[in-house]
Amino acid sequence: MVLALLALAAHYVRAIQYTPVEATQGMAQKIFYVHVPAAWSAFLAYGIVGLCSALFLWLHDRRLDLFAEASAEVGTVLTFIVLTTGPLWGKPIWGTWWQWEVRLTSTLFLFFLFVGYLTLRRSVYDPLERARYSAVVGILGAMLVPFIHLSVWMFRTIHPKPIILKPDGPSLPGSMLSTLLEGFAIFTVLYLGMVMVRYGIGRLQEEKEARHAAAS
Amino acid sequence: MLLRAEPPANGQYMVAAYVLVAVVLVLYVTTLFVRARGLVKEVVE
Amino acid sequence: MAALVFAALILVIFNFARDPTVLRAQELAPSALWITITFASVTALNRAFAVELDHGALDGLLLAPVGREAIYLGKLLGNLVFVGFVQAITIPLFVLFFNLDLHGALPGILLLAFLATLGFTAVGTVFSALTARVQFNELMLPVLLLPFMVPPLIGAAHVSSKLLAGRPLAESAGWLQILATYDIVFITLSVLVFPAVLDE
């Protein structure tokens with residue numbers, strides 16, 4: 001069910017995006033409609049990792065750890081999408097592939113946080129230990145994201161660049177805004193769908209490990 | 001902002017981005033399915 | 001001390017790698033300094049728990065009637081002293097090699113060094129305990145810690161360059177607040193979270 005939703009959502013995104021009005025930036029501006037929702041869901045994913053990590057340390061329910069793991073993996077994929085669609089948008093609009101500004105830098109480090117989290121999980125074999133360590137990293141990482149954002153933002157406002165793109169300017173024409181909101185909704189659904197499947201995989205893996213341990 | 005008669009012709013970037021997103025997502029979801037199916041078989045024996 | 005040799009090496013390379021007519025020492029200095037401190041600190045943190053693990057002292061610590069939080073604070077202090085020592089040698093060397101005119105910026109720089117180091121050492125101490133019993137731990141520690149070093153280092157490098165250019169410390173009050181907040185938040189969080197790392 002959820003899986004069908006996924007497929008549907010994915011195609012929905014494609015279909016809708018071709019209808020809204022073009023901007024003065026040309027067709028490339030439409031990247032906005034996947035890039036921004038993806039970014040939102042990526043940060044949501046990490047927020048969930050942080051939340052589940054904290055809850056896990058408090059409640060010791062292994063399912064929370066598995067959910068965090070699922071969210072982290074999905075989050076990595078989403079962040080990767082943000083980091084690749086970003087430059088594809090930036091190159092035609094700004095003229096450069098990259099800039100050290102707030103959003104890009106925060107997202108880049110979000111990516112590192114995700115990768116670090118997942119790498120750590122690969123390196124620890126005992127499930128309980130792994131859960132604990134991951135939770136620690138998850139919580140600390142979640143706290144870090146606002147700080148990175150703040151630091152880079154402060155840095156930028158001291159040395160303003162002449163070209164600052166504001167992807168979410170307040171005066172978006174109605175049709176664009178609705179498409180964007182739709183994008184948010186769809187990516188959120190996508191995120192949830194992928195996490196649920198991934199979580200299911202995690203549970204199955206746990207089950208499998210338990211049986212192997214019991215058999216040996 | 002210059003007033004242009006027509007928006008710049010940079011559609012190829014958009015296409016690239018959309019294709020990329022679609023490919024990445026489809027690939028990832030496919031791997032999820034494959035893994036899930038493999039595990040279900042193993043556990044339900 | 002591998003960390004010190006490393007620091008000296010970096011300083012030397014930086015000096016030879018730049019063209020003095022193009023890049024004034026003042027401009028390169030903050031980056032060079034903070035890169036050096038970063039490498040030295042990570043090296044130090046990597047070793048922090050290794051010694052105890054080797055000697056099985058960690059279990060002894062756990063048995064002692066001392067709160068886990070206290071262990072963390074003790075470790076933090078120890079790490080700070082160690083890293084501080086490395087910095088105490090590196091910073092003068094750095095002033096020397098770059099022929100820096102400090103403009104009376106020294107107290108500011110020292111304050112920065114303290115605040116920034118406190119920040120990433122707080123998290124680094126947790127991670128060094130965590131990665132001590134993990135595979136590939138020399139690699140894992142920097143990988144995990146890197147994002148956490150970013151806010152303190154951005155702040156430190158930026159304010160250092162302003163100080164070296166002769167600006168008064170008061171101008172950077174905002175940054176100092178951020179650094180201080182970062183320290184408070186992460187020390188508190190680390191204290192709360194550290195017991196989970198040591199649990200058996």
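In which handedness of crossing does α5(C) pass α6(C)? The crossing is right-handed, a term used when the near helix is turned clockwise from the far one by less than a right angle, with anticlockwise giving left-handed. This is a predicted model, in which local features need pLDDT of at least 70, side-chain atom pairs count only at pLDDT 80 or more, and totals for chains, interfaces and linings use all residues. Residues are numbered from 1 along each chain as its sequence is written, while chains are lettered from A and ligands numbered from 1 in the order in which they are written.

**Chain make-up**

- Chain A has six helices and zero strands. Helices are DSSP runs of H or I with at least four residues, strands are runs of E with at least two, and both are numbered from the N terminus.
- The elements of chain A therefore read α-α-α-α-α-α from the N terminus.
- Chain C has eight helices and zero strands. Its order from the N terminus is α-α-α-α-α-α-α-α.
- Of the 216 residues in chain A, 43% are buried. Buried means 20 or more other C-beta atoms within 10 Å of the residue's own; exposed means 12 or fewer, partly exposed lies in between, and C-beta atoms are placed from the backbone.
- In chain C, 43% of the 200 residues count as buried.

**Contacts along the sequence**

- In chain A, 82% of the contacts between residues at least 6 apart in sequence join residues at least 24 apart. Two residues are in contact if their C-beta atoms, placed from the backbone, lie within 7 Å.
- In chain C, residues 24 or more positions apart make up 85% of the contacts with a separation of 6 or more.

**Confidence in chain A**

- The average pLDDT of chain A is 75, and 73% of the residues score at least 70. pLDDT is the predictor's confidence in each residue, from 0 to 100.
- Residues 159-171 of chain A stay under 50 in pLDDT. The model has six contacts beyond four places in sequence for this stretch.
- Where pLDDT is low, the predicted coordinates should not be read in detail.

**Helix pair in chain C**

- Helix α5 (residues 68-97) and helix α6 (residues 106-132) of chain C have axes that come within 10 Å and cross at roughly 135 degrees. Axes are lines fitted to C-alpha atoms, for helices over the stretch in contact, and angles run from 0 to 180 degrees between N-to-C directions.
- That angle makes α5(C) oblique to α6(C). Angles under 35 degrees count as roughly parallel, over 145 as roughly antiparallel, 65 to 115 as roughly perpendicular and the rest as oblique.
- α5(C) contributes residues including Tyr72(C), Leu76(C) and Val83(C) to the contact, and α6(C) contributes residues including Ala113(C), Leu118(C) and Gly124(C).
- The contact residues are seven nonpolar, six polar and one charged. Ala, Val, Leu, Ile, Met, Phe, Trp, Tyr, Cys and Pro count as nonpolar, Asp, Glu, Lys and Arg as charged, and the others, Gly among them, as polar.

**Helix pair in chain A**

- The axes of α2 (residues 32-59) and α4 (residues 102-123) of chain A come within 11 Å and cross at roughly 40 degrees. That makes α2(A) oblique to α4(A).
- α2(A) passes α4(A) in a left-handed crossing.
- Among the contact residues are Phe43(A) and Tyr46(A) of α2(A), and Leu110(A) and Phe114(A) of α4(A).
- By class, this contact has nine nonpolar, one polar and no charged residues.

**Interface of chains C and A**

- Chain C gives 27 residues to the contact, and chain A gives 25 residues.
- On the chain C side, α6, α7 (137-164) and α8 (173-198) each supply at least two residues. The largest share, 11 residues, comes from α7(C).
- The side of chain C that touches chain A has 22 nonpolar, four polar and one charged residues.
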